[in-house]
Amino acid sequence: MATQAHSLSYAGCNFLRQRLVLSTLSGRPVKIRKIRARDDNPGLRDFEASFIRLLDKITNGSRIEINQTGTTLYYQPGLLYGGSVEHECNVLRSIGYYLESLLCLAPFMKHPLRIILRGVTNDQVDPSVDVLKATALPLLKQFGIDGESFELKVVRRGMPPGGGGEVLFSCPVRKVLKPVQLTDPGKIKRIRGIAYSVRVSPQMANRIVDSARNILNKFIPDIYIYTDHMKGVSSGKSPGFGLSLVAETTNGTFLSAELASNPQGQGAAVLPEDLGRNCAKLLLEEIYRGGCVDSTNQSLALLLMTLGQQDVSKVLLGPLSPYTIEFLRHLKSFFQIMFKIETKSCGEELKGGDKVLMTCVGIGFSNLSKTLK
């Protein structure tokens, strides 16, 4: 890694969001070269360009330079400004792609963020808005980010390829974060879910619910899966259906799984029964992996621990995903922070897969742009 004037240099398009988000928080410029340099269609994709535009909207004074072919990007972060923003997300990726990064940045704005995102709300690639609402928001609350203005709301649903969904996200600002000790996930006490259907028969959602319950009822009685059928304007531009499930434990841990139908005109048609069954199995697998944070939010938890006060934070996670492992490397580059990683084999008290206990001392990050009243 070449460090010239404290800027970090990377090659390739992988983990672009991680690098830009950490660059914004740490204030270190970043240069990314060789972005799909050997592709027939080289350079940044439309959804990445849209993400960079979003960063530009929520910061003040960022400098972004992209060469003509789009294969080199130089990003010098400005101050996180926040305020009221609207953004059209590219329909190639869902709103979750943009929202994951906003969850990392929103608490450190100068003004509380209130943003309307338009695009695809549920797809097969990124975490859906429903899952982020059910798992990421309670996680942020553990770190002391809470308040009346803290909400995430699906105004309209939009399925790929047309999109047409709309989501409202607002988050208060915080001066500092609380350290956390999340070492005991507890036992599963209830399962909640949303089966949604847009521009198809409302019966689809009921069929999904029945098949999912057939599997989950063998394990736990307290299951409630809402059906959400949106009509007219609020159903977006493309037909589709899907299911997101969330298991809650006695200690307030949320583990999630979700599936969506294939986009219109792509791949084979999916039966609602199969989708419900497969989603229930995915949830059971996530419960087996376990930990105090589910696999979609591992990197968010590690980032908030890093930015906490200069105190020890501990989190018990399931097996680390490849995305999280790369995120740990980036945390070391941007913040010079190392985690202590202990593997916990599943003994008598821990059921399921092997767990990892992550420990670190926060860097004492404080929101400099927040004016104290």
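**Briefing: domains, helix packing and local backbone features**

The centres of domain 1 and domain 2, taken over C-alpha atoms, are separated by 36 Å. The structure is a predicted model. Domain 1 covers residues 1-80 and domain 2 covers residues 188-289.

**Annotated spans**

- An unreviewed UniProt entry lists "domain: RNA 3'-terminal phosphate cyclase" at residues 10-341.
- Residues 183-287 are 29% helix and 34% strand, with 15 Å between the end C-alpha atoms.

**Helix 1 against helix 2**

- Helix 1 spans residues 16-26 and packs with helix 2 at an angle of about 10°, their axes being 11 Å apart.
- Angles under 35 degrees count as roughly parallel, so helix 1 is roughly parallel to helix 2.
- Helix 1 makes this contact through Leu 16, Arg 17, Leu 20, Val 21 and Thr 24, while helix 2 supplies Glu 48, Phe 51, Ile 52 and Leu 55.
- Sorted by class, the residues of the contact between helix 1 and helix 2 are six nonpolar, one polar and two charged.

**Helix 2 against helix 3**

- Helix 2 (residues 46-58) also packs with helix 3 (residues 95-105), at an angle of about 30° and with the axes 11 Å apart.
- Because of that angle, helix 2 is roughly parallel to helix 3.
- The crossing of helix 2 past helix 3 is right-handed.
- On the helix 2 side the contact is made by Phe 47, Glu 48, Ser 50, Phe 51, Leu 54, Leu 55 and Ile 58.
- On the helix 3 side the contact is made by Tyr 97, Tyr 98, Ser 101, Leu 102 and Leu 105.
- Nine nonpolar residues, two polar residues and one charged residue form the contact of helix 2 with helix 3.

**Backbone features in loops**

- Phe 15 is not a glycine, yet its phi is positive, at about 60°.
- Phe 15 sits in the loop between strand 1 (8-11) and helix 1.
- A cis peptide bond, with omega near 0°, runs from Pro 160 to Pro 161.
- Pro 161 belongs to the loop between strand 9 (151-156) and strand 10 (165-171).

Definitions and conventions. Residues numbered from 1 in each chain as written. Predicted model: local features only at pLDDT ≥ 70, side-chain atom pairs only at ≥ 80, totals over all residues. Heavy atoms only, no water. UniProt positions renumbered as here; feature names shortened; annotations may be inferred. Axes fitted to C-alpha atoms, helices over the stretch in contact; angles between N-to-C directions. Helix = DSSP H or I, 4+ residues; strand = E, 2+ residues; numbered from the N terminus. Parallel < 35°, antiparallel > 145°, perpendicular 65-115°, else oblique. Left-handed = near helix turned anticlockwise from the far one by under 90°. Contact = heavy atoms within 4.5 Å. Nonpolar A, V, L, I, M, F, W, Y, C, P; charged D, E, K, R; others polar. Domains from an automatic or database assignment.
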